[in-house]
Amino acid sequence: MKILVTAKRVEDPESKIKVKPDGSGIVQEGLKYKINPFDEIGVEEGLRLVAKHGGEVVVVSIGGKEVQEQLRHALAMGANRAVWVNHTGPLDQMGVAGLLQKVAEKEKPDVIILGKQAIDDDQNQVGQYLAEFLGWGQATFASKVESLESEQEKNKVPALTVGADGKSVRVVREVDNGLATLECALPAVVTTDLRLNLPRYASLPGIMKAKSKPIEELTPAKLGVDVTPKVQVLKMAAPPPRKAGIKVPDVATLVDKLRNEAKVV
């Protein structure tokens, strides 16, 4: 199998995010960056599928030279090679999906695995756009029945089940009232939820090997994609500071404030 997995560079969730005074974006000085956690889960699932079925994991990221840090992280985890789409300008979700579409048409993977969303903008759109652009089936919010403390997880059993004929994949999805199971014909697009797996740590040998693994550089122009944003962020604003809590003398007062002030009951 060939698995194509994304590795977006995002702000470390432990960083303190501040909005610029003019609302044009966030203050980037002093921020740390990492691979999007949902994408890291996708890399792990790709590695498990290849360990079971054979093949290779190809990881792709879009951005300036700095995204090579996240690509090397995925390579250190065990991915075979990487594709870097060199682009430093603004991108919307349709532009990202358009670039990934061309990479997919070039690589011809059996499965594309993306995080269901990136933790920087929380859009949850690229996987769906990509499936539409490619005309492939999709299964979003991939999860599993077993817990993250189960024997299957300890033994790194893939949660995505490939059919015996290699022509379909079965995916357990998280939905509002529980879990649902979908079966998609391959090739297909899958987006990962948090409870799909626990990503492995990159070992020292893996980190050393990653330094010599190939990273192919592409550009939007080379891929023939117009990435002019169709969606623009006009302004950002920080949420208002939370008010300090208060103590109430009794339950009756608490219920009264919840009903008449907070209006939540």
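Predicted model: local features only at pLDDT ≥ 70, side-chain atom pairs only at ≥ 80, totals over all residues.

**Asn-124.** I started here: Asn-124 is partly exposed, because its relative accessibility is 24% and anything under 20% would have counted as buried. I found Asn-124 in the loop between S6 and H4.

**Gln-125.** I moved one entry on. Where does Gln-125 sit? I placed it in the loop between S6 and helix H4, the helix covering 126-134. Is Gln-125 buried, exposed or partly exposed? It comes out as partly exposed, because its relative accessible area is 28%, between the 20% and 50% cut-offs.

**Strand S1.** Next I looked at S1, residues 2-6, and saw that 5 of its 5 residues are buried.

**Who pairs with S1?** I went looking for the strands beside S1. Strand S4, residues 56-63, runs parallel to S1 and is joined to it by 5 bridges. Strand S6, residues 111-115, is parallel to S1 as well, with 3 bridges joining them. For Leu-4, I found Val-58 as the bridge partner in S4.

**Strand S4.** I followed the pairing onward. S4 is mostly covered, with 7 of its 8 residues buried. How many bridges pair S4 with S5? I got 6, in the parallel sense, with S5 spanning residues 81-86. Val-59 turned up again here, standing opposite Ala-82 in S5.

**Helices H1 and H2.** Then I turned to two helices, H1 (residues 37-53) and H2 (residues 68-77), which pack with their axes 10 Å apart at an angle of about 30°. H1 and H2 are therefore roughly parallel, since that label goes to angles under 35 degrees. Their crossing is right-handed. I listed who makes the contact: Glu-40, Val-43, Glu-44 and Leu-47 come from H1, and His-73, Ala-74 and Met-77 come from H2. I also looked up the buried residues of H2, which are Gln-70, Leu-71, Ala-74, Leu-75, Ala-76 and Met-77. Just after H2, I noted that Gly-78 has a positive phi of about 140°.

**Glu-153.** Which helix holds Glu-153? I found it in H5, residues 151-154. Glu-153 counts as buried because its relative accessibility is 5%, well within the range under 20%. I then asked what surrounds it, skipping neighbours within four places in sequence. Glu-153 is in contact with Arg-48, Lys-144, Ser-147, Leu-148, Leu-196, Asn-197 and Leu-198.

**Leu-186 and Pro-187.** I checked the peptide bond between these two and found it to be cis, with omega about 0°. Pro-187 belongs to the loop between strand S10 (178-185) and strand S11 (188-192). I reminded myself that most peptide bonds are trans.

**Lys-263.** My last stop was the segment after helix H8 (251-260), where I found Lys-263. Its phi is near 55°, again a positive value in a residue other than glycine. Is Lys-263 buried or exposed? Lys-263 is exposed, because its relative accessible area is 62% and the cut-off for that label is over 50%.

Conventions. Residues numbered from 1 in each chain as written. Heavy atoms only, no water. Buried < 20%, exposed > 50% of the residue type's maximum accessible area, 1.4 Å probe, protein only. Helix = DSSP H or I, 4+ residues; strand = E, 2+ residues; numbered from the N terminus. Pairing = 2+ DSSP bridges. Axes fitted to C-alpha atoms, helices over the stretch in contact; angles between N-to-C directions. Parallel < 35°, antiparallel > 145°, perpendicular 65-115°, else oblique. Left-handed = near helix turned anticlockwise from the far one by under 90°. Contact = heavy atoms within 4.5 Å.
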